Amino acid sequence: MQISTTANPTPVDDARLAEILANPGFGTYFTDHMLTVEWTPDAGWHAARIEPYGPLTLDPATAVLHYAQETFEGMKAYRHADGSVWTFRPEQNAARMVRSSQRLAFPELPVDDFVECVDALVRTDRRWVPDSEGEKSLYLRPFMFASETFLGVRPAQHVTFMVIASPAGAYFKGGIKPVNLWLSETFTRAGRGGMGAAKTGGNYAASLAAQREAIEQGCDQVVFLDDQEFRYIEELGGMNLFFVHADGSIVTPETGTILEGITRASIIELAGKLGHAVEERKFSLDEWRQGVASGQITEIFACGTAAVVTPVGELRSPHGVTPAPASTELTMRIREALVGMQFGRAEDTFGWMHRVC
Ligand SMILES: Cc1ncc(COP(=O)(O)O)c(C=O)c1O
């Protein structure tokens with residue numbers, strides 16, 4: 001893929017950039033450039049370009065605004081101690097975007113092109129990748145949307161793929177602490193045959209009423225149950241779940257209606273290598289409650305690109321509170337193994353890291 005570059009004539013100056021990178025927060029500041037590629041049935045993917053970051057001009061009849069044909073990814077670039085910049089399993093994000101695209105009736109962006117686009121933007125804006133101190137990183141947001149001006153329910157004939165980037169601070173300020181969860185007994189996130197496995201904005205829109213409930217209850221995230229029986233654990237609004245048992249075995253809810261997290265897939269491999277049997281299967285709410293009460297479940301953790309791995313605290317619902325399991329030992333070991341690899345402090349024994357520049 002040929003990518004042209006138009007440099008931003010007024011990039012953020014060094015003093016302001018240093019100020020931003022000292023305290024980037026999350027999703028607030030954006031780098032000097034953005035990448036765009038367009039697709040039409042006749043020309044395929046074309047007009048790949050890096051340009052100064054800025055607003056889009058969209059016709060009010062742009063299809064995505066009405067029918068939500070959209071898919072996105074979330075990943076990070078990490079700076080190592082020697083100044084080099086790396087991403088973590090970017091081809092997995094690319095492959096997931098292909099699967100999301102199939103579900104959303106989009107054209108597929110080839111894996112190599114996806115990775116090249118992300119690399120090109122990171123290389124252009126490499127001064128925006130923070131130092132690794134405090135687990136800061138550059139969050140990367142590739143996304144695809146129906147950019148055709150047309151009102152009518154059918155797959156768009158003009159599609160736009162973009163990548164933007166935003167420096168991100170540590171997810172946990174002042175140390176890692178368990179997240180308390182709210183059990184949604186009213187709303188589900190996804191159903192059989194739906195879009196649960198795709199990373200598409202509609203799934204997040206569907207989660208917001210439940211997330212608002214969680215915040216009102218003083219919780220950090222929502223736990224969603226299956227849509228058929230309201231009995232089996234699916235995932236959180238933005239993370240996957242793992243349950244560690246007293247015999248060392250680990251269970252994580254099976255795929256189908258959940259987002260197949262890249263952190264989740266990596267932990268399944270990593271925990272296996274650490275000698276833990278990992279099972280992907282249905283896991284019920286009763287098993288959670290009884291397992292914690294009996295001591296059969298010793299740890300529960302959530303995982304995703306943003307927080308990597310985080311211990312789960314209480315599970316709250318209108319019917320009572322399930323307390324946090326006693327331990328976080330394996331959770332923290334797995335966390336450090338992954339974070340160590342990402343920031344180049346630990347050996348990359350799986351070959352998961354990808355050098356960008
Ligand atoms: C609904 C949902 N589940 C799980 C995850 C974790 O996925 P990953 O590990 O690829 O970040 C995310 C993260 O974006 C998510 O939004």
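The side chain of threonine 31 reaches the backbone oxygen of histidine 33 at 3.2 Å in this predicted model. A second polar contact, of 2.7 Å, links the side chain of threonine 31 to that of aspartate 125; a polar contact is a pair of N or O atoms within 3.5 Å, of which, within protein, one must be able to donate a hydrogen and the other to accept it, and residues adjacent in sequence count only if both atoms are side-chain atoms. Threonine 31 is placed in the loop between helix 1 (14–22) and strand 2 (33–40), where helices (H or I, at least four residues) and strands (E, at least two) are DSSP runs numbered from the N terminus. With a relative accessible area of 2%, threonine 31 is buried; the classes are buried for under 20% relative accessible area, exposed for over 50%, and partly exposed in between (1.4 Å probe, protein chains only). Apart from neighbours within four places in sequence, threonine 31 contacts Tyr53, Asp125, Trp128, Leu138 and Ala165, contact being defined as heavy atoms within 4.5 Å.

Residues are numbered from 1 along each chain as its sequence is written, and side-chain values use heavy atoms, with hydrogens and water left out. As the model is predicted, local features need pLDDT of at least 70 and side-chain atom pairs count only at pLDDT 80 or more, whereas totals for chains, interfaces and linings use all residues.

Serine 184 lies in the loop between strand 9 (179–183) and helix 5 (201–216). Its relative accessible area is 0%, and serine 184 is therefore classed as buried. The side chain of serine 184 reaches the backbone nitrogen of phenylalanine 187 at 3.1 Å. When residues up to four places away in sequence are not counted, serine 184 touches Ala210, Val222, Val223, Phe224, Leu225 and Phe230.

A polar side-chain atom of tyrosine 204 lies 2.5 Å from a ligand oxygen, an N or O atom in the side chain of lysine 199 is 2.7 Å from a ligand oxygen, and a polar side-chain atom of arginine 96 lies 2.8 Å from a ligand oxygen. Taken alone, the ligand exposes 380 Å², of which the protein buries 94%; these areas come from the Shrake-Rupley method with a 1.4 Å probe. The space taken by the ligand is the largest pocket, a pocket being, on a 1 Å grid over the protein atoms alone, an open set of points where a 1.4 Å probe fits, with protein on both sides within 12 Å along at least five of seven lines.

Alanine 277 is found in the loop between helix 6 and strand 14 (278–281). At a relative accessible area of 54%, alanine 277 is exposed. Its contacts, not counting residues up to four places away in sequence, are Gly248, Ser249 and Ile250.

Backbone geometry was examined next. Most residues other than glycine have a negative phi. Alanine 68, although not a glycine, has a positive phi of about 60 degrees. Alanine 68 is situated in the loop between helix 2 (64–67) and strand 4 (70–72) and is partly exposed, with a relative accessible area of 41%. Glutamate 135, likewise not a glycine, has a positive phi of about 55 degrees. Glutamate 135 lies in the loop between helix 4 (111–124) and strand 7 (137–146) and, at 25% relative accessibility, counts as partly exposed.

Valine 339, in helix 8 (residues 329–342), is buried at 1% relative accessibility. Leaving aside neighbours within four places in sequence, valine 339 is in contact with Glu135, Val308 and Arg345. Glycine 169 lies in the loop between strand 8 (159–168) and strand 9, and contacts Pro24, Gly25, Glu135 and Lys136 when neighbours within four places in sequence are set aside. The C-alpha atoms of glycine 169 and proline 130 are separated by 8.7 Å, the two residues being 39 residues apart along the chain.

Methods. 1 Å grid on protein atoms, 1.4 Å probe; cavity = no way out; pocket = protein on both sides within 12 Å on 5 of 7 lines; lining within 4 Å. Sits in = over half its atoms within 2 Å of the grid points.
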